[in-house]
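My entries follow in the order in which I looked.

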Amino acid sequence: KWFNATRSGVAPKSTARRITSIRGFARWAGAGLIIMDYKAPKPAPPNANPLPGGIADVNRMIDKSRTHVGAALVGLCGLAGLRVGEAVDLSPGDIDFPRSQITVRGKGDVTRVLAMSDALAGHLAPVFLHCLSSGSTRLIAMDERTARQLITTLGERAGITRRVASHDLRATFATALYMLTKDA
């Protein structure tokens, strides 16, 4: 009864986590058969939304960053379409300034080579040079959780009216790219 009463207004992932917890407790309490047969509705996939102002919002977030690392992170996600995990895993060797390319290892350990815009190169250069001088092996020296929190904070600083999730930057890039190619 409690589960159904509290399900509305709860994120799909929270619902799935609650079901897993209840099943674990039921198994521990010896009442596993009661809940094991329950088939929960399939949660809707998360819905990434492009930022309302598009790439202009991404640029405002970059401008509000107090560090080169923050600007590079937002640039990689919003101007190149990288996932946060891909951005924080980049090393200086993955950046090829003469060819304006970034080599990214993504989901399933698939490697892809992306074009790097002049604007993104400008945001990456200070971080790249710092890595070379300090011997750092990672371009974005933070874990994924911290990077996601930074993106949300920069969205607030930029005055974006809704909460900005990291994947929203990727959706913004994809939408901008689609709009460019649609007219071509």
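Entry 1, salt bridges. I counted seven salt bridges, taking a salt bridge as a side-chain nitrogen of Lys or Arg within 4 Å of a carboxyl oxygen of Asp or Glu. The model is predicted, so local features need pLDDT of at least 70 and side-chain atom pairs count only at pLDDT 80 or more, while totals for chains, interfaces and linings use all residues. Residues are numbered from 1 along each chain as its sequence is written, and side-chain values use heavy atoms, with hydrogens and water left out.

I looked up the pair R112 and E86, where the closest N and O atoms are 2.9 Å apart. E86 is buried at 5% relative accessibility, whereas R112 is partly exposed at 25%. My cut-offs are under 20% relative accessible area for buried, over 50% for exposed and partly exposed in between, with a 1.4 Å probe and protein chains only. R83 joins E86 and R112 in a network of salt bridges.

Next I checked D94 and R105, whose closest N and O atoms are 3.3 Å apart. D94 is in the loop between helix 6 and strand 1 and R105 is in strand 2, so the pair ties together parts eleven residues apart in sequence. D94 is buried at 8%, and R105 is partly exposed at 40%.

I also noted R162 with D168, the closest N and O atoms being 3.0 Å apart. Here D168 is buried at 5% relative accessibility and R162 is partly exposed at 27%.

I find nine helices and three strands, in the order α-α-α-α-α-α-β-β-β-α-α-α along the sequence. Of the 184 residues, 35% are buried. The protein exposes about 11,200 Å², with carbon and sulfur atoms supplying 57% of it; the areas come from the Shrake-Rupley method with a 1.4 Å probe, and for residues only the protein chains shown count as cover. Among contacts (heavy atoms within 4.5 Å) with a separation of 6 or more, 59% join residues 24 or more positions apart.

The three strands form an open antiparallel sheet in the order 1-2-3. Strand 1 and strand 3 are at the edges with a single partner strand each, so one side of each has no neighbour in the sheet. Two strands count as paired if DSSP finds at least two bridges between them; strand 2 and strand 3 are joined by five.

Which residues other than glycine did I find with a positive phi of about 55°? S100 is one of them, and D109 is another. Most residues other than glycine have a negative phi. S100 sits in the loop between strand 1 (95-96) and strand 2 (101-105) and is partly exposed at 26%. D109 sits in the loop between strand 2 and strand 3 (111-115) and is exposed at 60%.

I defined a nonpolar core as a set of buried Ala, Val, Leu, Ile, Met, Phe, Trp, Tyr and Cys residues joined through side-chain atoms within 4.5 Å. The largest one has 39 residues, and M61, L73, L76, I102, L124, L139 and I151 touch the most other members. Helix 4 (55-64), helix 5 (68-79), helix 6 (84-88), strand 2, helix 7 (118-134) and helix 8 (144-157) each give two or more residues. Helix 5 gives the most, with seven. Leaving aside neighbours within four places in sequence, L73 contacts A87, I140, M142, A147, L150 and I151.

The 17 residues of helix 9 (residues 166-182) should span 24 Å, and the end C-alpha atoms are 25 Å apart, which agrees. The expected span is 1.5 Å times one less than the number of residues. Its buried residues are S166, D168, L169, A171 and T172. Helix 4, helix 5, helix 6 and helix 8 are included in what covers them.

How values were computed:
Helix = DSSP H or I, 4+ residues; strand = E, 2+ residues; numbered from the N terminus.
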